[in-house]
Amino acid sequence: MSEKLKIVGVVGARPNFMKIAPLAARLRRDPESFEFILVHTGQHYDHGMNGVFFQELGIPEPDVHLGVGSASHAEQTARIMLGFERVLFELKPGLVIVVGDVNSTVAASLVASKMGIGLAHVEAGLRSHDRRMPEEINRIVTDTLSDLLFTPSRQADRNLLDEGVPQSRICLVGNIMIDTLVNHLRLAGKQRVVESMGLEPGNYCLVTLHRPSNVDNSAVLEEIIDALIRVAEILPVVFPIHPRTRKMLSASGLLERLEKDSAVRLVEPLGYLDFLALMKSAKLVFSDSGGIQEETTYLRIPCLTLRENTERPETIEQGTNILVGHDGGRIYQEALKIIEGRGKKGGELEFWDGKVAERIAEELKKRSGFFLTPVEERLRPEVTL
Ligand code: UD1
């Protein structure tokens, strides 16, 4: 019998959780091939940003928790590196798997690769080509260091090839977040959140906002909020507020204005199922998130993305997504078009089929010999994956 591959999976922040859930479940179903250990960095720690996702998505309790919390980018990244290095010394896995593009992703990647441990990145190859986004730096560094790059789309493959990544390291597997969406659609259908908020299905808008480029500058934030308040004159607006955004709205006095508007429902960050339920019955979604561009495309709900660019261009070319930046007039005009029934309809995307975790597990099995090879041999320049 061949040796099993010991894998450490890393999560830290909200958008990581829906990406690790199907993979953790799949790898743990095959204990003869894999030993899967989950490490949580503690980048996100509030129940609403963290615990609720573990419960609803059935993610196993982390085996190790680093408890790093919030700090500046350098300090948060450094704290994760210090804690994660100790964990890897102790566990000595054959492979570390990181997902997405948050600070936890890049911090864990740096530690693993400097220790000569195999590194795989799930959701590799996304590029916004905008280095003002911290996530873009995280993506570039993580992909550069990874031995194995699991990509969600052909465009992601092209981005990596353009940067000189050898084809042999790239595996096109599809979008893992859609696995989680597919697995939870039925349960989300049983949530009563739309009714309990007194909303009519198909007759309200949903908003999320958290990107520093939108919320940390009060003039930009005000322009967006003004546009949303105008939209709320036509359709109610549901707005689950990220902790960073709440702080900035409160500091700029905009929170008060929103609270006074009865057509705007301000709520705390929502769990996965409630948010999915609200998204699938919305008339339109405004967001600056990465994942929501994809989820709305899958659900065929129009999405206005409050950004100048996207690392997920297929949601624009084939899906329901439109980039509107933070220009208030543009946001309002595009929303009006959708409300009048002139929104994008979108289509089906390749490999958004709920079988991504399965494809990753199969690829890992094929390549486990490589990751089980002693590091001195595996890292010799002439050895390729
Ligand atoms: C992080 C990710 C971003 C992702 C987002 C999803 C990076 C660089 N950014 O951004 O890509 O889209 O998560 O939410 O990794 N806070 C709390 N409670 C928490 C977590 C954070 O109150 O549980 C507050 C803290 O004041 C903190 C601020 O939110 O300073 C920002 O948290 P941080 O993890 O630094 O970045 P996010 O903006 O959440």
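Predicted model: local features only at pLDDT ≥ 70, side-chain atom pairs only at ≥ 80, totals over all residues.

Residues are numbered from 1 along each chain as its sequence is written, and side-chain values use heavy atoms, with hydrogens and water left out.

**Whole chain.** Select everything. The C-alpha atoms fill a box of roughly 65 × 40 × 40 Å along the principal axes. The radius of gyration (over C-alpha atoms) is 21 Å; a compact globule of 385 residues would have a value near 21 Å, so the two agree. That globule rule is 2.2 Å times the number of residues to the power 0.38. Colour by secondary structure: the chain has 18 helices and 13 strands. These are DSSP runs numbered from the N terminus, with helices H or I of at least four residues and strands E of at least two.

**The sheet.** Next, show the open sheet of 7 strands, ordered β3-β2-β1-β4-β5-β6-β7 with parallel pairing. Strands pair if DSSP finds at least two bridges between them. Go to the edges: β3 (64-65) and β7 (170-172) each have a single partner strand, so one side of each lacks a neighbour in the sheet. Zoom in on β6 (148-151), which runs parallel to β7 and is joined to it by 3 bridges. Here phenylalanine 150 stands opposite cysteine 171 in β7.

Contact means heavy atoms within 4.5 Å. Angles run from 0 to 180 degrees between N-to-C directions, and axes are lines fitted to C-alpha atoms, for helices over the stretch in contact.

**α3 and α4.** Select 73-91 and 103-114. The axes of α3 and α4 come within 8 Å and cross at roughly 45 degrees. That makes α3 oblique to α4. (Under 35 degrees is roughly parallel, over 145 roughly antiparallel, 65 to 115 roughly perpendicular, and the rest oblique.) Show side chains: Ile80, Phe84 and Leu88 are among the α3 residues that meet α4, whose contact residues include Val106, Leu110 and Val111. By class, this contact has 10 nonpolar, 5 polar and 1 charged residues. Nonpolar covers Ala, Val, Leu, Ile, Met, Phe, Trp, Tyr, Cys and Pro; charged covers Asp, Glu, Lys and Arg; the others, Gly among them, are polar.

**α1 and α7.** Finish with 14-28 and 176-189. Helices α1 and α7 pack at about 80 degrees, with axes 8 Å apart. That makes α1 roughly perpendicular to α7. Met18, Lys19, Ala21, Pro22 and Leu23 in α1 meet Ile176, Met177, Asp179 and Thr180 in α7.
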